[in-house]
Amino acid sequence: MTIMYHIPDYLIEDEDNCCTKINPSHWDRKLFDFSNLNFVRIKSSLIFHVPYRLHKVIKEVKTIIKHQESKYLVLTQNASMFSSTHFMHVKSQNRMYKHHRIKGVFRAYVFEGEYKNIPKWKQSIKKEWAMKGLSIKEQFVYFTSCPNCAQKLGYNYVVIFTR
């Protein structure tokens, strides 16, 4: 299987929504290596795995680092049901934020549904990997839509990257 070293193209952005739309077939079950991409680490709060005020945190970081990247990607790791660390893809480095590299090859899984289903989806991936004799080392979640856009669109894709 081919490893992707870039972020797939998005569908055309809708002026009525603040979030970009993905084509799930460009992400689901694909292998990704983000080793050559720059990420800025930011933290935020969750309410039972649901991002709380994340759009405000991301907007602030975008303003400070003058983020001009057209291919938007924020990878999230939940420390608990109430806090998370986000890795925001940026083109260039900025002294105000510590930059990170995400190493390794990850398989992407696309799910459609509410954020509260994330633990269930992670468990299904864990079972699939266990059946193959594999163990999970690391997972990141990509929330493709904020709750407002998901409601407007009528669907909510969530991508879980697993290594």
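A residue is taken as buried when its relative accessible area is under 20%, as exposed when over 50%, and as partly exposed in between, with a 1.4 Å probe and protein chains only. By this criterion, buried residues make up 47% of the 163 residues in the chain. The structure is a predicted model, in which local features need pLDDT of at least 70 and side-chain atom pairs count only at pLDDT 80 or more, whereas totals for chains, interfaces and linings use all residues. Residues are numbered from 1 along each chain as its sequence is written, and side-chain values use heavy atoms, with hydrogens and water left out.

Helices (H or I, at least four residues) and strands (E, at least two) were taken as DSSP runs, numbered from the N terminus. The chain holds three helices and 10 strands, which follow one another along the sequence in the pattern β-β-β-β-α-β-β-β-β-α-β-α-β. With contact defined as heavy atoms within 4.5 Å, residues 24 or more positions apart account for 71% of the contacts in the chain with a separation of 6 or more.

Two strands were regarded as paired if DSSP finds at least two bridges between them. Strand β3 (residues 38-47) runs antiparallel to strand β6 (residues 83-90), with eight bridges between them, and within this pairing Lys43 has Thr85 of β6 as its bridge partner. Strand β3 also pairs in the antiparallel sense with strand β7 (residues 99-100), over two bridges, where Phe39 stands opposite His100. Strand β8 (residues 105-112) likewise has two antiparallel pairings: three bridges join it to strand β2 (residues 31-33), and six join it to strand β10 (residues 157-162).

In soluble globular proteins, nonpolar side chains tend to be buried together. A nonpolar core is here a set of buried Ala, Val, Leu, Ile, Met, Phe, Trp, Tyr and Cys residues joined through side-chain atoms within 4.5 Å. The largest such core comprises 23 residues, of which Trp27, Phe34, Leu73, Leu75, Tyr142 and Phe161 touch the most other members. At least two residues of this core come from each of β5 (74-78), β6, β8, β9 (139-143) and β10, and β8 gives the most, with three residues. Apart from this core lies another, of 11 residues, among them Phe111, Tyr115, Phe143 and Val158. When neighbours within four places in sequence are left aside, the contacts of Phe161 include Trp27, Phe34, Leu75 and Tyr142, as well as Arg107 and Glu138.

A cavity was defined, on a 1 Å grid over the protein atoms alone, as a set of points where a 1.4 Å probe fits but cannot get out, and its lining residues as those with an atom within 4 Å of a point. A search of the whole structure finds one cavity of 30 Å³ or more, and about 30 Å³ of space lies in the largest cavity, the volume being the space filled by probe spheres set on the points. The lining consists of Thr20, Lys21, Ile22, Thr144, Ser145, Leu153, Tyr155 and Tyr157; by class, four of these residues are nonpolar, three polar and one charged.

Notes:
1 Å grid on protein atoms, 1.4 Å probe; cavity = no way out; pocket = protein on both sides within 12 Å on 5 of 7 lines; lining within 4 Å. Nonpolar A, V, L, I, M, F, W, Y, C, P; charged D, E, K, R; others polar.
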